[in-house]
Amino acid sequence: MTTGQDTTSVADLRTDCTADADGRLTFALRAPSATGRLLLRLRPKKGQPEKVLHTLDLEPAEDGRPRAVLEPEPALAEGRWDVYLIPEPGAPRQRLRPGLRDLRTLVDGHLRDWPSPVAVRVPYVTRDGYLALRAWLRTAHAEVEGIDVTDRSMTVRARLHGVTFGAGPAVRLRLRGAGGAERTVVPVAEKDGRGFSFTVDYGELAGDAGSGNRVWDLSVRVDGETSVRIGRLFDDVADRKDIFVLPAATIGGAVVRPYYTVDNDLSVLADRI
């Protein structure tokens with residue numbers, strides 16, 4: 001497939017986007033005369049060529065506007081997907097700006113059980129004002145349902161999706177970096193084998209803060225072999241890191257603060273004073 005080179009988008013090249021409870025996304029262009037196809041491009045890592053493209057046919061909706069539908073399957077690879085219009089074969093592609101984003105069905109995503117593989121897509125606006133999708137695709141996931149923070153600890157309530165607890169469950173806090181230290185906490189599991197809670201003592205993490213920043217990544221070991229990352233994916237927030245800022249505590253000569261990473265996973269930062 002030939003996609004041509006990127007061109008500067010015109011101001012009115014916008015599309016509304018609606019999400020439904022089944023994970024389907026509908027794009028409705030605000031340009032009635034637009035033709036061609038939509039292109040979703042998995043954003044490559046810096047310095048790498050683009051490799052993964054997905055196209056959607058445009059068809060007229062009841063109101064006459066061109067519309068494209070992204071079905072729940074096949075699932076999109078994990079990463080960030082940029083949205084373009086290809087007006088005709090071989091024509092330069094044009095990046096789309098967002099119109100109305102109706103994501104109400106995503107807000108309560110944590111209230112239902114997600115099967116394996118756990119596939120999530122959240123439309124969002126990039127920093128430079130374009131429409132993009134944030135996708136996650138994981139065999140299993142542990143969704144944070146609440147975090148209670150004190151001046152000495154944090155207590156996390158979460159629920160497994162795509163997997164249930166087996167023998168020997170444990171929450172793992174692994175110090176980021178080669179040869180990082182590891183701490184384990186035994187969670188309190190609910191009878192359904194999915195819900196659980198655990199408390200992390202900040203004193204244990206502060207003691208390993210060293211002379212600078214240390215980051216502890218949290219996952220839960222559901223049996224003797226399988227570990228699942230803990231985070232928050234099931235709502236309409238594509239980037240939690242700078243939006244949900246959790247309280248910090250000073251203990252043992254370090255400032256300790258739980259936070260969400262750029263992938264919306266839960267980690268803890270211990271910064272030696």
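How many residues lie between strand 17 and strand 18 in their hairpin, and which residue in the turn has a positive phi? Five residues separate the two strands, and Gly193 in the turn has a positive phi of about 75°. The model is predicted: local features need pLDDT of at least 70, side-chain atom pairs count only at pLDDT 80 or more, and totals for chains, interfaces and linings use all residues. Residues are numbered from 1 along each chain as its sequence is written, and side-chain values use heavy atoms, with hydrogens and water left out.

Strands (E, at least two residues) and helices (H or I, at least four) are DSSP runs, numbered from the N terminus. Strands pair if DSSP finds at least two bridges between them. Strand 17 (residues 188-189) runs antiparallel to strand 18, joined by two bridges. Val188 faces Ser197 of strand 18 across this pairing. Strand 18 also pairs with strand 14 (residues 153-161), in the antiparallel sense, over seven bridges. Here Ala158 stands opposite Phe196.

Rings of Phe, Tyr and Trp (its six-membered ring) pair if their centres lie within 6.5 Å; planes under 30 degrees apart count as stacked, over 60 as edge-to-face and the rest as tilted. Trp114 lies in the loop between strand 10 (97-102) and strand 11 (118-125), and Phe234 in the loop between strand 20 (227-231) and strand 21 (249-251), 120 residues apart. Buried means under 20% relative accessible area, exposed over 50%, partly exposed in between (1.4 Å probe, protein chains only). Trp114 is buried at 12%, and Phe234 is buried at 1%. Phe165 and Phe196 have ring centres 5.4 Å apart and planes at 85°, so they are edge-to-face. Phe165 sits in the loop between strand 14 and strand 15 (170-175) and Phe196 in strand 18, so the pair ties together parts 31 residues apart in sequence. Phe165 is buried at 15%, and Phe196 at 2%. Ring pairs join Phe165, Phe196 and Phe198 into a cluster.

A charge sits over a ring if NZ of Lys or CZ of Arg is within 6 Å of the ring centre and within 35 degrees of the ring normal. The charged end of Arg112 lies over the ring of Trp114, 3.9 Å from its centre. Arg97 lies over the face of Tyr130, 4.3 Å from the ring centre.
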